[in-house]
Amino acid sequence: MRFTSEQRLDDGVLEREFILGEIPGTLWTPGSEPAPLILMAHNNGLPKGESRLVARARRSAAYGYAVATIDAAGCGDRPRSPADEQTRADLRRAMRAGEPVDEIFESLVGPLVEGAVPEWRTTLDALLALPEIGGPVGYSGWTAVGIRLAVAEPRIAAAGLFAGGFVPRAQREEARQVTIPLLFLLQWDDEGNPRQRALDLFDAFGTKEKTLHANLGGHTGTPWFEAEDGNRFFGRHLK
């Protein structure tokens with residue numbers, strides 16, 4: 001892992017960009033003492049620099065967590081294959097035409113998850129070797145990746161998941177194997193995510209400790225107080 005830039009933010013949080021092989025990432029750390037780590041991913045491969053993700057990351061770091069995000073394979077500004085680009089073009093066309101998009105999402109998001117999870121695990125290996133990071137690991141964000149990581153990675157101790165991203169069939173099946181504590185956020189009027197599908201997924205999770213928070217509003221309308229509730233959730237399981 002090689003750090004390429006750093007800046008100290010007004011609240012004392014240190015923000016650093018890094019490169020790990022071909023993986024670009026950002027790490028926020030709150031101070032000199034080793035801090036529990038939260039891996040933070042945006043839905044469906046949006047970039048690590050997306051403003052809502054960065055705001056959540058900085059808020060969690062100010063709360064006392066180390067927070068890391070990456071652009072995994074095919075995500076953010078990472079190169080995409082011609083097949084990926086064609087699938088995205090097909091998705092845009094179908095959405096404009098009001099056509100069904102589930103199968104197109106399946107062919108787009110499934111490969112993104114399969115490519116992203118190994119790179120998240122590689123990043124986790126490198127992060128846990130840093131002296132400023134210590135203690136349990138949490139995950140926050142993209143539900144499909146969170147499910148896969150929770151099943152494949154025993155170092156993930158708790159997860160906060162956003163119901164707004166498409167979850168492939170493989171991860172909906174894997175949800176039954178998830179046994180860590182979960183906080184699941186649902187926007188009740190999410191225009192791109194059928195409410196019943198999200199409720200069915202919540203019901204499918206195998207863990208005995210799961211909490212559903214549902215708020216009125218569309219896809220990007222998650223209230224900011226949910227960030228504070230998320231930090232308290234992680235406080236119960238990472239500190």
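Predicted model: local features only at pLDDT ≥ 70, side-chain atom pairs only at ≥ 80, totals over all residues.
Reader: How many aromatic pairs does a search of the whole structure find?

Author: The search finds 7 aromatic pairs. One of them joins Phe 105 and Phe 166.

Reader: Why is the pair of Phe 105 and Phe 166 called stacked?

Author: The ring centres are 5.4 Å apart, with 15 degrees between the planes. Rings pair if their centres lie within 6.5 Å, and planes under 30 degrees apart count as stacked.

Reader: What makes the pair of Phe 184 and Phe 205 edge-to-face?

Author: The planes of these two rings stand at 75 degrees, and their centres are 5.6 Å apart. Planes over 60 degrees apart count as edge-to-face, so the pair is given that name. Phe 184 belongs to strand E8, and Phe 205 to the loop between H6 and strand E9, 21 residues apart. Both Phe 184 and Phe 205 are buried.

Reader: Why is Asn 193 called buried?

Author: Its relative accessible area is 7%. The limit is under 20%, so Asn 193 counts as buried. Asn 193 is in the loop between strand E8 and helix H6. Leaving aside neighbours within four places in sequence, Asn 193 has contacts that include Leu 186 and Ala 198.

Reader: How do you know that Glu 226 counts as buried?

Author: Glu 226, in helix H7, has 5% relative accessibility. That value falls under the 20% limit, and therefore Glu 226 is buried. Beyond its neighbours within four places in sequence, Glu 226 is in contact with Leu 185, His 213 and Asn 215.

Reader: What makes strands E1 and E2 a pair?

Author: At least two bridges are needed, and 6 bridges join E1 to E2, so the strands pair. E1 and E2 run antiparallel. Gln 7 stands opposite Glu 15 in E2. The two strands form a hairpin with 5 residues between them, and Gly 12 in the turn has a positive phi of about 90 degrees.

Notes: Residues numbered from 1 in each chain as written. Heavy atoms only, no water. Helix = DSSP H or I, 4+ residues; strand = E, 2+ residues; numbered from the N terminus. Buried < 20%, exposed > 50% of the residue type's maximum accessible area, 1.4 Å probe, protein only. Contact = heavy atoms within 4.5 Å. Phe/Tyr/Trp six-rings, centres within 6.5 Å; stacked < 30°, edge-to-face > 60°.
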